[in-house]
Structures are given as structure tokens and as C-alpha cells.
Amino acid sequence: MKEYSIFIFYHKNNKNSFRAILGSLDKYELIQLFDFYFSSNLQKLFALIREKKSFYKQMFLMVSLMTSQFVEWTGYLKSIKAENLIKLAGGPHPSGLPLSLKGFFDFVFYKEAEVSLAEFLRNFVDNRNFIGTPGIIYWEAQKPVVNKHPGRININDFPPFSKRFKKYGPLEITRGCFFGCKYCQTPYLMDKEVRHRRVDVILKWVEEMFKSGMKDIRFITPNAFSYGSCDRKKVNKSAIYELLSGIRGIIGKQGRIFFGSFPSEVRPEYVDEDIVEIVSKFCDNENIVIGCQSGSNRILEFINRGHTVEDVMKAVNIVKKYGIIPVVDFIIGFPDENEEDIKKTIGFSERLIEKGAIVHMHYFMPLPGTPFWGKKPSPLSKDIFSWIGRYSSKGKIFGSIEKQYQFSQNIYDILRRIEFAL
Ligand code: SF4
């Protein structure tokens, strides 16, 4: 048993963040200094901490949080305490609204944390000034202290996973987004600079994952068809070809590739016949997920999507032509969205469904760090819920709209109260 231990809340919504973090701890040769415990259940993780607390000189709790999770677990997060426990938080919610974590966590890692977390742990075990680590926020005499962020990493220099833990999953190929949709945290928390992982680096990891028994290759990217592109207006077809043909060359017929589908998606104006042909040649996708978000061009402009409803219809037709199912993402309940806009989204969704698309419906969340933070979600009438229910029962619409509706109201009410009380 080691002197130090790390307890990770390894929940399905946050696994991808921790995979990258473990990769960075591996890179900095920190893994061997700690015992690690993982649980996807917060109560079980806290029970484990209580059980193990007398065995370690110092324990660290690591939690990555989305805003909906923070709201869900607000009452519970403070319940774990031990003299030898330091509580660390990171992820989208702590980056967007770090001060809301006062009293819940000892240190907040804002924005990307591959460097700051590794440096913090190294400083701690080497008995150096760990509170001076760049990229963290903590409280001194109830006042927040914000240490300057160390800056963006070159993702080619950082492993997407830890080879020691072999906790493999979707491979991050692009970080950052050219666009600035007003409801989305990606460009505001990760900056608009887009960084792509090089093909040779990705192929090395695919080989590694495939050797360890992982047969399905999926990707993390805000817009799969932007891979390799340095300009939001230009699609880099040769980079996509090189990537997908290279992966197929490694995994042969024993593995499967999913590109432009869960957990990533594509923007409609990036869809053209050449790209979809490349996908259908090398990939196993049954579907391609297209981000639309509204059937009203007025709302698309208001939320700064940078495309039109017509672009979406064109993309759906191309995808269908190649025998792939278009799954189209929508969000309803944007601030100032009126009945007329919602009717347009309903009408447009029905047209897409007639064409053979499946609709993934979401409810708007006012997320911290975005231009829509603090904006009131527009309510939905009973008729909208019944319309969604009707199409859901036919398998044409899916999503957790009722749950999101509740979370969204809670984010608006609870978090704003916390923020104003700070
Ligand atoms: S919604 Fe997609 S395209 Fe828009 S800013 Fe976010 S990641 Fe970029």
C-alpha cells in the first residue's frame, strides 16, 4: 500500500475527461505514487474513502462535473470529510462557474487540467508549494485565489489514455471548436482555437487499443467532419481519408469504426457526398448525427449556429442517399423562443422523419460560461410534450426531455441563487 491515494468518481458522463487525465498522470510518471480507486457511484466512493482513511497519509477525491450533475448532487457533495482528504473538482461546471464550488471542494481546476493536475500532485508529494500551481482556484479566508492558467496543451504531446490502466474509450481527435453557438460551453471554456491530434498519433493509439481487445473505434470531436481542418470554411477530405483508411488498415475486418456518430456529431454544412462516401467506404456507421438545433431560421441566427434549416435538409438527403440513417439533434426551450419558432421545429422535425430521419430532442440548459448563462429557458406547453410522446412511442424521437426540463429549471433557480449569494 502506498502513502497516497486517489479516489475517482468514474461516472459514464465524465469517464472521457478522466481517461485524458490518467493519460497525463502516466506521462508525468505519477501513477506509481498513488493507489487508485474508481467508482461510478458517489455514495459507494464516499463509503470507500471512509473505509480507507486510516491507511493513507493523504487521500485525494477527484470529481469532474457537468452543471446538471452539480445541481443533482449539491446536497450530497459536502457530506464527505476527513482530515487527510483533499477534494479536487474539474470539468465543464467548475470551469464555467468555479466560485459556486466554494465549500464543496478545496481546489478547482479550471479549463483543461492535464498540466495543472499533474503539477499539483507532483508539488504535493515533493513537499513543494502546491497551492501556487497554475490553473487552480482555492479559497483563503473565504476569498477566492485564482492562479493563472498554464495555457493550452499540444494534444499530440499528451496521451488520450493511460496505458497502465487501459481504460480505453472514444479517442479524442479534435479539441476546441471554430463556432460560437451561444448555448454551448465548448468554445467558451476550451477556446475557439481548434487542435487536431495527428493521424500518426491516432493510429498508434488505435493499434494499442485494438491489441488490448477493443474492437469498436469511436471518436471525441465537436464536429467529426472538421477533422484536420484549419479553417472553418474548408473541409479537409484528405485528412479524413487518411485517418479512416489508416484505422481500417489496422483493425481489418475484425473491428468497427464509427465516425460522425455517437459520441460525436457533424455540422450540416460540412456534409457532402465525397465525405459521406469516405465514411460509407471505411466505417460501420448505421447513422450519422447531424446538429440542427432548431427548425426556425430566426432561432438559428439568434443562437449563432452559422447554418440554416435548408443546410440541414440538404445534409439529410445526402446521408440517406448512402443508406445511412440521419439522426438530427434539436434543442427546444431557448430563451425568447416563441410558439411560432417551436411550431417550426415541430414541422421541420416531421418533414425529416418522413424522409427517414430520427430526431434527438433536447431541452435547453442555461450553462455557466456561455452567453446564455442566466437566461430563462422558455416553457413548453403540454401539447409539445404530447407531440414528443407520440413520436417517441413510434421510435422516431428520442431523448430525456422531461428530465432535462427539470434540470434546466433547477440550474436556472438553484445555481443563480448560489451565484448571487457569493
Ligand atoms: S454546438 Fe457544436 S458547433 Fe456549436 S459551438 Fe458547440 S461544439 Fe461548436
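Let me start with a convention: a residue counts as near a molecule or strand if one of its heavy atoms lies within 4 Å of it. With that in hand, hello everyone. What we have here is a predicted model, in which local features need pLDDT of at least 70, side-chain atom pairs count only at pLDDT 80 or more, and totals for chains, interfaces and linings use all residues. Residues are numbered from 1 along each chain as its sequence is written, and side-chain values use heavy atoms, with hydrogens and water left out.

So, which residues surround the ligand? They are Cys 177, Phe 179, Cys 181, Tyr 183, Cys 184, Pro 187, Pro 222, Arg 267 and Arg 305. Sorted by class, that shell has seven nonpolar, no polar and two charged residues; here Ala, Val, Leu, Ile, Met, Phe, Trp, Tyr, Cys and Pro are nonpolar, Asp, Glu, Lys and Arg are charged, and the others, Gly among them, are polar. Cys 177 from that shell is buried, at 15% relative accessible area, where buried means under 20%, exposed over 50% and partly exposed in between, using a 1.4 Å probe and protein chains only. Cys 283 is buried too, at 12%. As for disulfides, meaning cysteine sulfur atoms within 2.5 Å of each other, the structure holds zero.

Now let's turn to strand 3, residues 58–64. A quick word on naming: helices (H or I, at least four residues) and strands (E, at least two) are DSSP runs, numbered from the N terminus. How many residues of strand 3 are buried? Seven of the seven, so this strand is largely enclosed by the rest of the structure. Gln 58, Phe 60, Met 62 and Ser 64 point one way, while Met 59, Leu 61 and Val 63 point the other.

Who are its neighbours? Two strands pair if DSSP finds at least two bridges between them. Strand 1, residues 4–9, runs parallel to strand 3 and is joined to it by five bridges, with Tyr 4 opposite Gln 58. Strand 4, residues 85–90, also pairs with strand 3 in the parallel sense, over six bridges, and there Met 62 stands opposite Leu 88. From strand 3 the chain passes through helix 3, residues 67–77, to reach strand 4, in a right-handed β-α-β crossover; right-handed means that, with the strands pointing away from the viewer, the path from the first strand over the helix to the second runs clockwise. Helix 3 is itself mostly covered, with eight of its eleven residues buried, including Phe 70, Val 71 and Trp 73.

Last topic: salt bridges, that is, a side-chain nitrogen of Lys or Arg within 4 Å of a carboxyl oxygen of Asp or Glu. The count comes to 23. Glu 114 bridges to Arg 175, the closest N and O atoms being 2.7 Å apart. This pair links distant parts of the chain, helix 5 (residues 114–125) and strand 9 (residues 174–175), 61 residues apart. Buried or exposed, what are Glu 114 and Arg 175? Glu 114 is buried at 5%, and Arg 175 is buried at 7%.
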